[in-house]
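Please read it beside the sequence and the structure.

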Amino acid sequence: MKHRVLAIVSPPGEHDIIPQARAIQAHQPDEIVLLKTYFPGKTPSTISHRLEKWVHGSEDLMNTYSDLFEFIDLPRTPPLGFIQRRGAESPHIVEIDVPVDDLFNVLQELELKYENSDFRFDILPGSKRVVTPVLLSKSLQNTKITYSLEEGGFLRLHRDGKIQSESGPYVSLIDRFWLTGIPVYAENNGTSISKFSKMYSALLAAQSIEFRTSKDEEREATRKMSLEPRKLVDLPLNMRNESARRQFIQLGGRVETSSPETVTYQFEDVSWEVQTEEHDFKLGNDNELIAANEILNHWEDVVEIYQGVSFLSPTKDELKQQIQGLVERDFASYEKNPDKIHTAGKFLERCERLGVDIPGEPEDFPLEKLVEAEINHLSSLTRSELLQHVWTMRSAEVDVLTLGEFGVSMFDVKQAIWRVKEFTDAKSATQMAQNIVIREEEKRWIVNSTSPFDHPKVIHMTRLADGRDVIKSLNRFHWRPTKYNLSLLKTITEKGLQSKKGKKNLQHKTGVDAETLRQFFPDLFNKNPTHPKGSKKQKRMIQVVTENDTTEDAIHKIGKALVEGIKTPCSTWGEAASIISRVISPEEKSRLFGSKKFTLAKAKLYLRDYVFISHEGKEVVVRPNNRFKNTNTNTD
Amino acid sequence: MRLFLVLGQSEMLLLRAIFCHSWDSVIMFYADEKNLESFREKIVKCAGALNKPVPHFESSEIPPLDQTNSISQFADALNLDSIGQTIEVNKNDMLFYSGTVLHLRCLITLHKFETILTHDSDRGFFAIGNSHKEFDNLKLTMKTFLEINSASIKSKTKEDDTNFISLASVDGKWETKSNYIDKIEYFNDVLNIFWNMVPTSGQRKKIVSDCHLLKLKFGHYTVAHRNLPPEVERLIRQGYILRLEEEEE
């Protein structure tokens with residue numbers, strides 16, 4: 001076999017090195033020629049220290065974080081490092097300084113130098129201005145021009161316009177983060193998910209509606225936040241109900257409730273203990289693995305998948321700052337509500353664990369001492385003991401991460417999303433750890449509830465089986481019920497439609513919004529055309545926003561007034577704005593929404609649950625969102 | 001002499017390439033018809049602002065390279081076997097270096113382009129390959145920049161007497177405004193926004209979303225943010241795009 005030489009343009013320093021690693025991995029060369037381009041008058045840059053270490057293997061790359069790991073034995077998922085062809089030696093790296101306008105000449109010289117070798121130049125993304133002369137088809141005669149791919153392998157771009165695909169390994173997601181300066185820990189990978197695949201599939205097939213119970217109502221009564229109206233008609237789909245457990249058993253599984261807060265599922269030869277509650281909060285952790293399993297089984301473009309990826313603080317100092325920030329935050333929560341277990345619990349547990357007394361007056365609390373004790377305690381633990389503390393040492397966590405033809409994609413798995421703010425909250429901009437190369441366009445939410453929001457980035461768990469095509473589907477956010485669940489809903493719906501009282505409470509009885517119910521059972525509703533829109537329009541008092549109202553209250557009052565006040569079938573934005581002005585004063589707008597004007601953009605942002613706003617400019621129309629209208633009719 | 005371009009994200013650079021010479025014809029490779037129409041309108045506006053004739057314009061569809069079409073799928077679709085050879089390129093024609101490197105290599109080899117028009121801030125527009133011709137480096141002013149993009153910049157005063165600068169579309173479809181903008185200037189073919197110190201995290205987040213909006217409206221390399229703290233710059237480079245549309249009640 002010919003000596004394989006790969007030439008690539010080298011980026012300056014530690015930034016943007018993933019494409020280079022991708023090309024090196026895809027080509028598996030014997031020799032790497034790093035062309036360090038520089039502009040006239042500037043000095044040639046140094047190559048990435050971590051890229052070099054990665055070429056030498058996993059250990060060398062991890063050792064670039066020795067300062068951190070000597071201080072604390074953090075749980076981590078090691079990178080694979082560069083994987084060489086079987087029988088070939090580790091590649092030799094050659095560095096050449098190249099003035100930007102000389103790249104073509106240098107490549108011609110290299111072409112001559114390596115005329116007896118298999119010489120390749122990978123054009124990589126970026127550096128377009130520098131690479132352009134090389135792209136002309138007449139430019140190089142004996143060089144393979146290639147473009148390496150995210151999913152592994154590369155395209156060979158022939159001079160006659162033909163493109164040939166060649167196989168090769170990909171750079172693991174894990175390596176990508178270590179290379180960009182972030183050590184990572186992943187709870188599960190494709191192999192560990194596959195081991196439980198049949199169980200996860202059976203759980204998804206068995207899931208049913210978690211109807212509201214009196215315990216839920218009690219629990220909500222203790223919460224500060226008011227109940228989201230959607231919470232009544234967008235119920236979770238999961239295993240926390242008898243129907244689901246029965247279904248799972250029928251599918252061949254077994255269920256054991258080991259404690260009030262944990263449940264163990266068994267299927268064939270595997271078992272899985274799931275924590276269902278913590279500090280009086282329901283958990284939906286099991287959804288992450290079920291979603292990851294669906295993607296693994298059905299998304300053909302995906303080559304690698306991880307669940308529960310923690311991005312760890314990369315240096316000792318950043319780790320200490322991270323822990324300090326968390327302790328301070330928990331202390332603030334404790335100070336606000338010292339008697340509430342779900343807000344003060346973490347802080348009290350920490351004090352107890354570290355043997356720090358809580359004095360009578362919060363201002364006397366030795367916070368610095370607690371931070372120091374926590375850092376000392378954590379650094380004394382073993383790697384396995386630290387597993388339960390990973391959440392305190394990470395700067396971000398992603399539920400499901402995949403690598404495939406479309407690059408790196410991330411999924412936030414939620415049981416349900418009831419507040420539209422989840423999609424628009426500005427804090428999303430900073431949730432990602434710095435330097436993490438995750439593109440916003442490849443960030444999506446997976447939900448598992450009866451009637452989710454129609455949002456371009458939302459995919460229903462039951463639709464993941466459609467593969468990546470689901471993102472183009474108009475139904476991507478719609479629940480696709482199993483036969484069992486459909487039949488259950490049909491029985492409740494039929495029964496409800498038979499009586500006036502039942503009709504009124506139909507959405508709450510089924511836990512599904514009216515629009516979704518109509519989609520499931522068009523025939524049933526055609527027989528009962530008056531439901532659920534309501535035949536009589538009642539006159540209602542407009543509730544004005546007062547100085548005691550929160551933003552949530554104001555949104556509800558404005559939304560409700562619009563639903564009741566706008567004309568059928570729709571109003572202009574001017575008409576809608578005049579209703580809004582009757583509900584909220586400029587002062588309250590300023591206090592709650594930051595400006596004395598409630599703009600169209602704000603209406604689109606905050607009132608999606610209540611109204612649909614379409615068209616642009618003077619043609620804007622506002623229509624009631626029937627989901628709210630029906631909920632409202634039934635609850636008021 | 002005809003100019004071929006891939007309709008990408010740096011529309012201002014494309015416009016400057018189109019108007020740096022009196023091309024016999026401008027041929028645009030596009031993947032999205034809506035973007036093509038909107039860009040065609042900008043060409044007309046630009047011609048008006050520069051008092052130049054609107055060039056003869058043609059277009060040719062190419063496969064998209066986005067969230068619905070991967071690089072492998074793009075390469076499969078943009079192949080000799082799958083694309084109709086309707087364009088005949090002659091040795092005087094030039095391909096502007098817009099789009100990705102993959103777009104360029106594929107189009108060069110498919111259509112046998114022998115010359116590429118490229119640009120840098122020192123030399124302006126110049127050809128490489130068959131020709132080494134240099135072209136005028138068309139300089140725009142703030143006025144023409146805003147006119148072409150149907151945008152306006154206004155200094156305003158809030159009711160509490162604080163001053164802020166608003167950068168918005170003339171039709172009111174979008175707006176960014178901040179009292180942390182010190183000044184906005186147009187030089188070196190870039191809209192330079194000079195920021196004052198931004199004191200709180202919440203305000204920095206708002207600035208990040210404004211910066212993303214501007215990137216979306218004007219292109220990646222047409223707006224430069226000056227004096228922002230490094231953590232905000234990182235977020236602007238890698239963070240998310242919040243789509244905002246403002247229209248006053």
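Trp54(A) sits in helix 2 (residues 49-56) of chain A; helices (H or I, at least four residues) and strands (E, at least two) are DSSP runs numbered from the N terminus. This is a predicted model, in which local features need pLDDT of at least 70 and side-chain atom pairs count only at pLDDT 80 or more, while totals for chains, interfaces and linings use all residues. Residues are numbered from 1 along each chain as its sequence is written, and chains are lettered from A and ligands numbered from 1 in the order in which they are written.

**Surroundings of Trp54(A)**

- Trp54(A) counts as buried because it has 26 C-beta neighbours inside 10 Å. A residue is buried if 20 or more other C-beta atoms lie within 10 Å of its own, exposed if 12 or fewer, and partly exposed in between, with C-beta atoms placed from the backbone.
- Not counting residues up to four places away in sequence, Trp54(A) touches Ala21(A), Leu61(A), Gly81(A), Phe82(A), Asp175(A) and Leu179(A). Two residues are in contact if their C-beta atoms, placed from the backbone, lie within 7 Å.
- Gly81(A) is 27 residues from Trp54(A) along the chain, and their C-alpha atoms are separated by 5.1 Å.

**The two chains**

- Chain A contains 28 helices and 23 strands, and 41% of its 636 residues count as buried.
- Chain B contains seven helices and 12 strands, and buried residues make up 36% of its 249 residues.
- Among contacts between residues at least 6 apart in sequence, 68% of those in chain A join residues at least 24 apart; for chain B the figure is 54%.

**Nonpolar cores**

- The largest nonpolar core has 164 residues. A nonpolar core is a set of buried Ala, Val, Leu, Ile, Met, Phe, Trp, Tyr and Cys residues joined through C-beta atoms within 7 Å.
- The residues with the most contacts inside this largest core are Val184(A), Leu203(A), Ala291(A), Leu3(B), Leu5(B) and Ala17(B). Helix 4 (residues 101-111) of chain B gives the most to this core, with seven residues.
- Leaving aside neighbours within four places in sequence, Leu5(B) is in contact with Leu14(B), Ala17(B), Met28(B), Phe29(B), Phe96(B) and Ser98(B).
- A second, separate core has 24 residues, among them Ala576(A), Ala577(A), Leu600(A) and Val622(A).

**Helix 6 of chain A with helix 4 of chain B**

- The axes of helix 6 (residues 128-135) of chain A and helix 4 of chain B come within 10 Å and cross at roughly 15 degrees. Axes are lines fitted to C-alpha atoms, for helices over the stretch in contact, and angles run from 0 to 180 degrees between N-to-C directions.
- Helix 6 of chain A and helix 4 of chain B are therefore roughly parallel. Angles under 35 degrees count as roughly parallel, over 145 as roughly antiparallel, 65 to 115 as roughly perpendicular and the rest as oblique.
- The contact involves Lys128(A), Val131(A), Thr132(A) and Leu135(A) of helix 6 of chain A, and Val101(B), Leu104(B), Arg105(B) and Ile108(B) of helix 4 of chain B.
- The residues of this contact comprise five nonpolar, one polar and two charged. Ala, Val, Leu, Ile, Met, Phe, Trp, Tyr, Cys and Pro count as nonpolar, Asp, Glu, Lys and Arg as charged, and the others, Gly among them, as polar.

**Helices 24 and 25 of chain A**

- Helix 24 (residues 551-565) and helix 25 (residues 573-583) of chain A have axes that come within 9 Å and cross at roughly 135 degrees, so the two helices are oblique to each other.
- Helix 24 of chain A contributes Lys557(A), Ile558(A), Ala561(A), Leu562(A) and Gly565(A) to the contact, and helix 25 of chain A contributes Ala576(A), Ile579(A), Ile580(A) and Val583(A).
- Seven of the residues in this contact are nonpolar, one is polar and one is charged.
- Gly565(A), in helix 24 of chain A, counts as partly exposed, with 18 C-beta neighbours inside 10 Å.

**Positive phi in chain B**

- Lys112(B), a residue other than glycine, has a positive phi near 60 degrees. Lys112(B) lies in the loop between helix 4 and strand 5 (115-120) of chain B and is partly exposed, with 18 other C-beta atoms within 10 Å.
- Asn188(B), also a residue other than glycine, has a positive phi near 50 degrees. Asn188(B) lies in the loop between strand 10 (181-187) and strand 11 (190-195) of chain B and counts as exposed, with 9 C-beta neighbours inside 10 Å.
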